[in-house]
Amino acid sequence: MELSESVQKGFQMLADPRSFDSNAFTLLLRAAFQSLLDAQADEAVLAAATYILEAGKHRADKSTLSTYLEDCKFDRERIELFCTEYQNNKNSLEILLGSIGRSLPHITDVSWRLEYQIKTNQLHRMYRPAYLVTLSVQNTDSPSYPEISFSCSMEQLQDLVGKLKDASKSLERATQL
Amino acid sequence: MLLELSEEHKEHLAFLPQVDSAGKLNVSSDTVQHGVEGLTYLLTESSKLMISELDFQDSVFVLGFSEELNKLLLQLYLDNRKEIRTILSELAPSLPSYHNLEWRLDVQLASRSLRQQIKPAVTIKLHLNQNGDHNTKVLQTDPATLLHLVQQLEQALEEMKTNHCRRVVRNIK
């Protein structure tokens with residue numbers, strides 16, 4: 001039997017009691033067999049997942065869900081079960097959906113270095129402090145984590161910090177409105 | 001600290017006293033070029049090493065010029081020293097340097113995958129200079145990270161005021 005590396009890795013996850021306890025293991029195993037052997041089950045699971053995503057995307061409330069499920073001829077008990085499960089997972093779902101999408105490179109951290117410049121081969125007796133600032137950036141497009149580094153004098157850093165503080169204060173004021 | 005002028009340099013500079021006040025030069029273009037190069041070397045090396053007035057005068061003295069010419073050269077050195085040093089500092093291996101920062105507050109209201117959001121963000125345009133090229137980078141961050149950035153960089157600024165840094169600045173001259 002030849003299985004790709006990713007499939008092997010995924011399958012080996014089932015062995016880990018930390019990832020899936022015995023209950024979850026049983027359920028998953030059954031679901032796997034069912035989705036293979038029972039075409040209808042497979043279709044149903046897919047449809048349910050799609051519906052959940054759409055409901056999450058549009059931030060459906062309980063009454064919207066109930067109405068739709070009633071239209072689909074779900075009985076009272078199943079509607080309750082569905083809504084409870086949805087409620088339990090709502091927050092995680094919204095976080096997941098909110099994190100999907102393109103955005104500008106996102107600054108995650110900053111590191112700095114203070115140095116005292118003494119001389120270069122072009123210029124002796126410099127004697128001035130300088131900062132080296134590195135911004136850690138996360139890109140949604142690529143999994144890479146590029147960094148942006150630049151040098152600045154003390155005055156320039158004061159300018160930079162001043163502007164960031166202005167942005168911060170503006171943000172505070174805006175959230176209080 | 002005296003400037004060491006090689007024989008070649010002295011030769012190049014030797015043509016300077018021959019330039020008459022009317023500015024007419026009766027010499028070959030080679031000689032003129034060498035003279036200019038010699039003068040350039042004299043000024044840039046002096047500026048680079050930041051030699052004192054007295055040392056400059058002594059260094060130039062070996063060329064055997066007139067009192068007037070020596071004074072002229074000294075004045076030339078003092079007048080242009082700062083600018084020459086600024087230009088020389090730009091020749092050093094350098095990273096992009098900070099030029100300016102523009103910011104904008106945004107609130108994301110919805111996306112293709114999630115409606116009815118209120119997601120505040122700060123969009124930043126960072127202006128950097130490198131070797132004369134102006135570079136801009138557009139970045140974004142969230143309110144929490146923004147506060148973190150401000151805090152970290154304020155600490156960086158505070159470092160210069162510590163005793164340790166003050167001592168270093170005082171003692172390395």
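1. Confidence overall. The structure is a predicted model. Its scores are ipTM 0.73 and pTM 0.70.

2. Confidence in chain B. Mean pLDDT for chain B is 86. Of the residues in chain B, 93% reach 70 or more. Helix H1 of chain B, residues 7–13, has the lowest confidence in that chain, with a mean of 75. H5(B) has the highest, at 95.

3. Extent of the contact. Chain B brings 56 residues to the contact, and chain A brings 55 residues. About 5200 Å² is buried between the two chains. Carbon and sulfur atoms give 69% of that area. On the chain B side, Tyr98(B), Leu153(B) and Leu157(B) lose the most area to chain A. Together they make up 14% of what that side buries.

4. Polar links. Across the interface of chain B and chain A, 25 residue pairs are in polar contact, both residues at pLDDT 80 or more. One salt bridge is found there. Lys165(A) forms a salt bridge with Glu154(B). Their closest N and O atoms are 2.4 Å apart.

5. What builds the chain B side. Several elements of chain B each supply at least two residues to the side that touches chain A. Among them are helix H2 (29–49), helix H4 (67–89), strand E1 (97–108) and helix H5 (143–159). H5(B) gives the most, with 14 residues. By class, this side of chain B has 32 nonpolar, 14 polar and ten charged residues.

Note on methods:
Residues numbered from 1 in each chain as written. Chains lettered and ligands numbered in written order. Predicted model: local features only at pLDDT ≥ 70, side-chain atom pairs only at ≥ 80, totals over all residues. Heavy atoms only, no water. Contact = heavy atoms within 4.5 Å. Buried area = accessible area lost by both parts, 1.4 Å probe. Salt bridge = Lys/Arg side-chain N within 4 Å of Asp/Glu carboxyl O. Polar contact = N/O pair within 3.5 Å; in protein donor to acceptor, adjacent residues only side chain to side chain. Helix = DSSP H or I, 4+ residues; strand = E, 2+ residues; numbered from the N terminus. Nonpolar A, V, L, I, M, F, W, Y, C, P; charged D, E, K, R; others polar. pLDDT = per-residue confidence, 0-100.
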